[in-house]
Amino acid sequence: MSFDDPADQRFHPNDGCPLFSERLEEHLVAVQKGLAPNRGQFCGNCYTPVSRDTTTCAHCGQDARTGRKTVDAVPREIAEALIKQRKVEAKWVNGFAYLGLLIAMVGGIALVLAVPFFKDRLIYATIAYGLILLIGGRVLAGVLGGYYGDRIGFERARRETISTWERWVATRDATQT
Ligand SMILES: [Zn+2]
């Protein structure tokens, strides 16, 4: 893993909130799973993990020499905000995936009932329905969950993250001396 590789840049929404860089998300997920301690060196502004010999944050550009000093742990509020964001996202992805499955179930029944060929051919009707469920259900769940659920979930979750961030910055700056 490299620190300054421009190729591993994922989508960063340009909404004024520097949370959560990919590296910070990876770190917090690892901490949550108990795979890593919440210790290290983090940007004092966006809490992206930074290396010991770097003074400028690759994610938000914060310079530790002139701006906020690096911190040795990600604040609890920030870690909780990420867990919340991921929960909201997962909820929307799953919800839309189930919707896709439901559409395949209901649509499959409607289709089989509507085709005259299947009327007295229960075996064929069952096979056709099974295939629709198996293939259609998977495709619809994937498309609806992975695409629409993911997008809507991200936007909803992001809104919450931004308001958490704004509250956090206000508190952080108020207690700064
Ligand atoms: Zn930063």
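A crossing of two helices is left-handed if the near helix is turned anticlockwise from the far one by less than a right angle, and right-handed if clockwise. The crossing of H2 and H3 is right-handed.

Some ground rules. This is a predicted model: local features need pLDDT of at least 70, side-chain atom pairs count only at pLDDT 80 or more, and totals for chains, interfaces and linings use all residues. Residue numbers run from 1 along each chain as its sequence is written. Helices are DSSP runs (H or I, at least four residues), as strands are (E, at least two), and numbering goes from the N terminus.

Back to H2 and H3. Their axes come within 5 Å and cross at roughly 155 degrees. Axes are lines fitted to C-alpha atoms, for helices over the stretch in contact, and angles run from 0 to 180 degrees between N-to-C directions. H2 and H3 are therefore roughly antiparallel to each other. The cut-offs: under 35 degrees is roughly parallel, over 145 roughly antiparallel, 65 to 115 roughly perpendicular, and the rest oblique. Now the make-up of that contact. The residues where H2 meets H3 divide into 29 nonpolar, 13 polar and seven charged. Nonpolar means Ala, Val, Leu, Ile, Met, Phe, Trp, Tyr, Cys and Pro; charged means Asp, Glu, Lys and Arg; the others, Gly among them, are polar.

Next, H3 itself. Where does helix H3 bend? At Gly149, by about 35 degrees, within a helix that covers residues 122-175. The bend is the angle between axes fitted to the seven residues ending at a residue and the seven starting there. Gly149 is also one of the buried residues of H3. Others include Gly137, Leu140, Leu144, Gly153, Ala157 and Trp165. Buried means 20 or more other C-beta atoms within 10 Å of a residue's own, exposed means 12 or fewer, and partly exposed lies in between, with C-beta atoms placed from the backbone. The buried residues of H3 pack against helix H2, which is 76-114.

Two residues of H2 deserve a look. Glu77 lies in H2. Glu77 has 13 C-beta neighbours inside 10 Å, so it counts as partly exposed. With 14 C-beta neighbours inside 10 Å, Leu102 counts as partly exposed. Leu102 and Ser163 are 61 residues apart along the chain, and their C-alpha atoms are separated by 34 Å.

On to H1. How do the axes of H1 and H2 cross? They come within 10 Å and cross at roughly 90 degrees. That makes H1 roughly perpendicular to H2. Glu25, Leu28, Val31 and Gln32 in H1 meet Ala79, Leu82 and Ile83 in H2. Contact means C-beta atoms, placed from the backbone, within 7 Å. By class, the contact of H1 with H2 has five nonpolar, one polar and one charged residues.

Zoom in on Leu28, in helix H1. Leu28 is buried, with 23 other C-beta atoms within 10 Å. Leaving aside neighbours within four places in sequence, Leu28 is in contact with Val74, Ala79 and Leu82. Leu28 and Ile83 are 55 residues apart in sequence, yet 8.4 Å apart in space, C-alpha to C-alpha.

Last, two backbone details. The peptide bond from Leu19 to Phe20 is cis, with omega near -20 degrees. Phe20 sits in the segment before helix H1, which is 22-32. Then Tyr47, in the loop between H1 and H2. Its phi is near 70 degrees, a positive value in a residue other than glycine. Is Tyr47 buried or exposed? Tyr47 counts as buried, with 27 C-beta neighbours inside 10 Å.

Terms used:
Contact = placed C-beta atoms within 7 Å.
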